[in-house]
Amino acid sequence: MTDTYDADLDPEVDDYDGDQLDLAERLSLRRVAGMSTQLSDITEVEYRELQLERVVLVGVWTSGSQTDHDNAMAELKLLAETAGSEVLEGLVQRRTHPDPATYIGRGKVDEVREVVIATGADTVIADGELEPAQLRNLEDRIGVKVIDRTALILDIFAQHAKSIEGKAQVELAQLQYLRQRLRGWGGNLSRQAGGRVSGGAGIGGRGPGETKIETDRRRIRTRISQLRKRLRELDAVRDTKRAERRRNQVPSVAIVGYTNAGKSSLLNRLTGAGVLVEDALFATLDPTTRRSQTADGRVFTLTDTVGFVRHLPHDLVEAFRSTLEESTEADLLVHVVDASDPDPVGQINAVRTVLNEIGANDIAEQIVFNKIDLANETDLVPLRTVAPDALFVSARTGAGLEELRARIEERLPRPAVEVEALVPYARHDLIDRIHKAGEIVSTEHTGEGTLVRARVNQDLAGELAEFAR
């Protein structure tokens, strides 16, 4: 890439037309090494070729270093494989910005078509969100199905959604995405329906009628309304559970982080939750909340949330907003980062972008670098500089988990009111509540009852007032 030049600094130059890329870079379509997922065992290859969709990945490198974009393409490859496809090729073009008509430029579309024909690919996946016109132009010229990164992520979510709420959220996001991109091959969605087809009673009596694409859009809008109503009903149930925790003033901790960073593994290690753990992107979509206790008996909740990814589709964020709001209600965010990932700092920035979008950026955060058993010690050194207060753990081996438990307990909100009360033995239920929701400083058993000094919340302090000393 050539150096940036400011024409205003040189009055003799009057034909400056913006930052330029080297001609060779603009004309080239670089293959990304290591993209193919072909296996060496011939029987397994034959099985995969019969079962899996064969795809070619296409990306546009507009900014950042080559390493950054290679990491992005490697992530797209993992997404494609998670969706159940076989990656045959990865192609990247260097441009200042994506082409508004075809994403990769008119000439490069023909080159991609040649690669598709040569490899026998079924699908082309673009590393970006395509406009409807770009999608239509690419499909018309390449001749195979073209999808973008957003559609790919939505497809993975659709495969992994298990609960009623999760399925409804994914369907809502898919319909919102599809509504703007609805089209048909050969104009079959543009035909008008008249006569009996449109509910009429005879030839020529019903006017031009309604086109099929308009009918489909109307059905999509109706379905979106139904899904939003259902999600509002499910939100009410979730809000009731949150209100109960808030009423009892139970501190909450949300485990957030990049997809496949090991959040569910950590939850299982800390609470024995038994949540599905799989080395795959977006293996867990539904939030799981488990109760836990500090060493001194205080009760708090730990919630495993849906994983994030770079450029998480906006429709998905909107559809999963109620689920993501588990993070906004937390007292502490345990931000899990994959220490073995090539770009852990990029993971941190991507997660913080989504947290900022949902309004959780002001909540206390504890960075936790997981999977240190898979990382080299030399790779961990710069991470200690990026996040000096971070903890380094391995959910697989258990290394660092005791320190993590202690840090969570240390950063939980402390009860605000300090009390001293002589609680009769007949009201031992109050002592039990102090243990669960408060922080005991000292206890002494006397002939009249239990003399306790503790820090408690305002409501419990009011109940203890009659026994105050």
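A salt bridge is counted here where a side-chain nitrogen of Lys or Arg lies within 4 Å of a carboxyl oxygen of Asp or Glu. By that criterion, a search of the whole structure finds 21 salt bridges. The structure is a predicted model, in which local features need pLDDT of at least 70 and side-chain atom pairs count only at pLDDT 80 or more, while totals for chains, interfaces and linings use all residues. Residues are numbered from 1 along each chain as its sequence is written, and side-chain values use heavy atoms, with hydrogens and water left out.

**Salt bridges**

| Pair | N to O distance | Sequence separation |
|---|---|---|
| K145 and E53 | 2.9 Å | 92 residues |
| E129 and R181 | 3.3 Å | 52 residues |
| R310 and D343 | 3.0 Å | 33 residues |

In the description of their surroundings, helices (H or I, at least four residues) and strands (E, at least two) are DSSP runs, numbered from the N terminus. Burial is stated by relative accessible area, where buried means under 20%, exposed over 50%, and partly exposed in between (1.4 Å probe, protein chains only).

The side chains of K145 and E53 meet in a salt bridge; K145 belongs to strand β5 (residues 145–148) and E53 to strand β2 (residues 53–61), so the pair ties together parts that are 92 residues apart in sequence. K145 is partly exposed at 41% relative accessible area, and E53 is likewise classed as partly exposed, at 30%.

The salt bridge of E129 with R181 connects two loops, since E129 lies between β4 (123–126) and α5 (132–142) and R181 between α7 (164–179) and β6 (192–193). Here E129 is partly exposed at 49% relative accessibility, whereas R181, at 14%, counts as buried.

R310 and D343 also meet through their side chains, with R310 in the loop between β10 and α10 (314–319) and D343 in the loop between β11 and α12 (344–357). R310 is buried, with a relative accessible area of 15%, and both residues take part in a network of salt bridges that links E75, D127, R149, R310 and D343.

Strands are taken to pair if DSSP finds at least two bridges between them. Six strands form an open sheet of mixed pairing, in the order β9-β10-β8-β11-β12-β13. At its edges stand β9 (288–293) and β13 (391–392), each with a single partner strand, so one side of each is left without a neighbour in the sheet. Within this sheet, β11 (residues 332–338) and β12 (residues 365–370) run parallel and are joined by six bridges, and H335 stands opposite I367 in β12.

Helix α9 (residues 263–271) lies across β8 (252–257), β9, β10 (299–304), β11 and β12, running at about 155 degrees to β10. Contact means heavy atoms within 4.5 Å; axes are lines fitted to C-alpha atoms, for helices over the stretch in contact, and angles run from 0 to 180 degrees between N-to-C directions.

**The three-stranded sheet**

A three-stranded open sheet has the order β14-β16-β15 and antiparallel pairing, with β14 (417–423) and β15 (439–445) as edge strands that each pair on one side only. Its twist averages 10 degrees from one strand to the next. Seven bridges pair β14 with β16 (residues 450–456) in the antiparallel sense, and L422 stands opposite L451 in β16. Helix α15 (residues 428–437) lies across β14, β15 and β16, and runs at about 35 degrees to β16.
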